[in-house]
Amino acid sequence: MVPSKASVVIVGGGALGTSSAFHLADEGIEDVVLLDKGPIAQGTTPFAAGQTGYLTVDQDLLKLNQYCIEFFERFEERTGYPICFHQNGSLRIALTDSFRGGLEDRIKVAKETGDEAELISHERVMELVPELRLPSDASVLLIPRDGFVEPKSVAVAYAAAAAARGVSIHTGCAVTGLEITDGRIHGVRTAEGFIESQWVVLAAGAWARQFAGRLNFELKTVPVRHQAFVTSPITGVTGQEPVVRFAENQIYIRPYEGGLLVGGYGYRPLSFDMNQFAKDFEIASLESDPIYYQQLKHAASEYFPVLKTSVTVQERRGLPTIAPDGRFVASKTSQVEGLLIASACMVGGIFASPVIGRAIVDAILDRDSGLPLESLNADRFGSNYSSDADLRATCESLYANHYRRES
Ligand SMILES: Cc1cc2nc3c(=O)[nH]c(=O)nc-3n(C[C@H](O)[C@H](O)[C@H](O)COP(=O)(O)OP(=O)(O)OC[C@H]3O[C@@H](n4cnc5c(N)ncnc54)[C@H](O)[C@@H]3O)c2cc1C
């Protein structure tokens with residue numbers, strides 16, 4: 001049974017909810033409760049590619065990303081729980097002049113921060129990723145500190161480390177409502193009873209906006225479908241390859257269990273209103289968009305010809321949430337006192353999860369951690385995007401141009 005009282009209740013056991021739980025407990029906050037309607041990491045989290053690209057020219061985002069990369073680098077040593085972090089590096093590829101500048105800008109940032117990033121020859125590319133075929137004028141930036149994690153292992157490790165620090169985790173326990181009086185939270189209603197609490201963290205992934213809507217407050221983040229596929233093992237793929245990212249055609253490719261995991265942006269973006277699904281809908285049953293997969297495979301095969309004859313052994317898809325400025329949401333909201341939101345990671349919620357957890361703790365403790373967390377404020381949109389159609393169109397467009405925007 002759930003406890004009758006908690007200091008903080010977290011709704012959702014994906015990457016964001018479990019990171020929040022870990023960060024709260026790691027600060028010594030007692031009586032934290034985490035609830036998920038299913039098992040831990042059963043939403044969008046297990047379907048992610050888990051890339052950890054941290055080097056960006058956006059100075060605020062860079063500081064947040066630095067927190068994340070350092071957190072991942074130390075997590076297993078600190079806690080004893082593995083997150084399967086493969087720091088194989090990444091190759092950022094620019095095929096045209098309009099994207100070459102983005103590579104140069106990253107080299108400058110790396111110099112300023114004391115990190116490594118260098119343009120490499122095509123011979124070196126062939127050594128690192130023998131399956132990759134590039135036009136002779138393509139520019140390739142190697143970022144050695146990048147890599148990927150296994151996303152499910154991240155949420156599972158956070159949950160285990162949080163439980164070891166005293167967090168009470170209840171799976172198969174849906175939150176059915178919040179008790180709000182005079183604009184302040186007093187607790188949550190669950191399938192197993194009421195929990196009195198002054199703080200609630202809404203980390204319900206794709207369901208967060210629907211949940212907010214039922215309580216008559218506005219959450220301006222939208223679930224947008226993202227898909228990737230995995231091939232059967234390919235001769236020569238060792239698992240040591242860096243992640244490969246193309247700016248122009250917005251494709252990413254990384255090794256996965258002897259084969260390749262391929263994903264991309266811009267292919268038929270589609271947002272969802274969770275009210276259109278049945279109450280017991282699960283992310284695992286999200287319908288496939290076969291044309292998306294065809295277009296993605298076709299585009300990636302141009303640079304990875306081995307994909308033409310490869311067999312798809314797994315389709316991965318989920319509903320990451322997106323805010324209309326493409327930035328994260330992790331803060332209190334002025335709409336309901338005691339409520340915090342952890343959402344909108346622009347298809348980067350695994351990598352962003354450490355700093356989201358950190359932002360949640362800082363908000364509850366009302367302290368300044370020195371990180372630029374103002375840009376994560378849930379109330380920053382004010383009355384903008386109050387039309388659902390406008391909000392969804394903006395988020396779909398951001399999603400469709402994700403790599404081009406950040407390059
Ligand atoms: C194909 C694909 C590739 C991706 N690649 C990357 C990548 O390379 N790098 C990266 O960082 N990110 C990537 N992402 C994005 C990443 O998966 C998401 O940003 C992240 O998983 C979001 O985590 P979350 O905790 O917000 O949501 P979720 O994992 O969906 O968790 C939400 C949880 O809330 C629970 N819940 C909902 N409602 C309730 C309720 N009423 N009561 C109790 N529990 C509730 C759900 O059961 C669920 O477990 C990718 C996503 C996809 C689909």
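**View 1. Ala6 and the residues it touches.** Setting aside residues up to four places away in sequence, Ala6 touches Asp31, Val33, Ile195, Glu196, Ser197 and Gln198. The model shown here and in the other views is a predicted one. Ala6 sits in the segment before strand 1 (8-11). With a relative accessibility of 12%, Ala6 counts as buried, since the cut-off for that label is under 20%. For a sense of scale, go 58 residues along the chain from Ala6 and you reach Leu64, with 29 Å between the two C-alpha atoms.

**View 2. His170 in its strand.** Here we're looking at strand 6 (residues 168-170), where His170 is found. Is His170 buried or exposed? Its relative accessible area is 15%, so His170 is buried. Leave out the neighbours within four places in sequence, and the contacts of His170 are Met1, Val2 and Pro3, plus the run Val33, Leu34, Leu35 and Asp36.

**View 3. Helix 1, from end to end.** Helix 1 covers residues 15-26, which is 12 residues. From first C-alpha to last it reaches 16 Å, close to the 16 Å expected at 1.5 Å a residue. Why is helix 1 described as largely enclosed by the rest of the structure? Because 11 of its 12 residues are buried. The buried set takes in Ala15, Leu16, Gly17, Thr18, Ser19, Ser20, Ala21, Phe22, His23, Leu24 and Ala25. After helix 1 comes Gly28, with a positive phi near 90°.

**View 4. Helix 1 against helix 5.** A helix pair is described by the angle between the two axes and the distance between them. For helix 1 and helix 5, the axes come within 8 Å and cross at roughly 30°. That angle makes helix 1 roughly parallel to helix 5, the cut-off for this being under 35 degrees. The crossing is left-handed. On the helix 1 side, the contact is made by Ala15, Thr18, Ser19, Ala21, Phe22 and Ala25; on the helix 5 side, they meet Ala155, Tyr158, Ala159, Ala161 and Ala162. Sorted by type, the residues of this contact are nine nonpolar, two polar and no charged.

**View 5. Helix 2 against helix 5.** Phe71, Phe72, Phe75 and Thr79 from helix 2 meet Val154, Ala157, Tyr158 and Ala161 from helix 5. The tally for the contact is seven nonpolar, one polar and no charged.

View 6. Met346 isn't a glycine, yet its phi is positive, about 50°. You'll find Met346 in the loop between strand 19 (336-343) and helix 8 (349-365). Met346 is buried, with a relative accessible area of 5%. Asp366, also not a glycine, has a positive phi of about 55°. Asp366 lies in the loop between helix 8 and helix 9. At 65% relative accessibility, Asp366 counts as exposed.

**View 7. Helix 9 and its buried residues.** Which residues of helix 9 are buried? They are Leu391, Arg392, Thr394, Cys395, Leu398, Tyr399 and Ala400.

How values were computed. Residues numbered from 1 in each chain as written. Predicted model: local features only at pLDDT ≥ 70, side-chain atom pairs only at ≥ 80, totals over all residues. Heavy atoms only, no water. Helix = DSSP H or I, 4+ residues; strand = E, 2+ residues; numbered from the N terminus. Expected span 1.5 Å × (residues − 1). Buried < 20%, exposed > 50% of the residue type's maximum accessible area, 1.4 Å probe, protein only. Contact = heavy atoms within 4.5 Å. Nonpolar A, V, L, I, M, F, W, Y, C, P; charged D, E, K, R; others polar. Axes fitted to C-alpha atoms, helices over the stretch in contact; angles between N-to-C directions. Parallel < 35°, antiparallel > 145°, perpendicular 65-115°, else oblique. Left-handed = near helix turned anticlockwise from the far one by under 90°.
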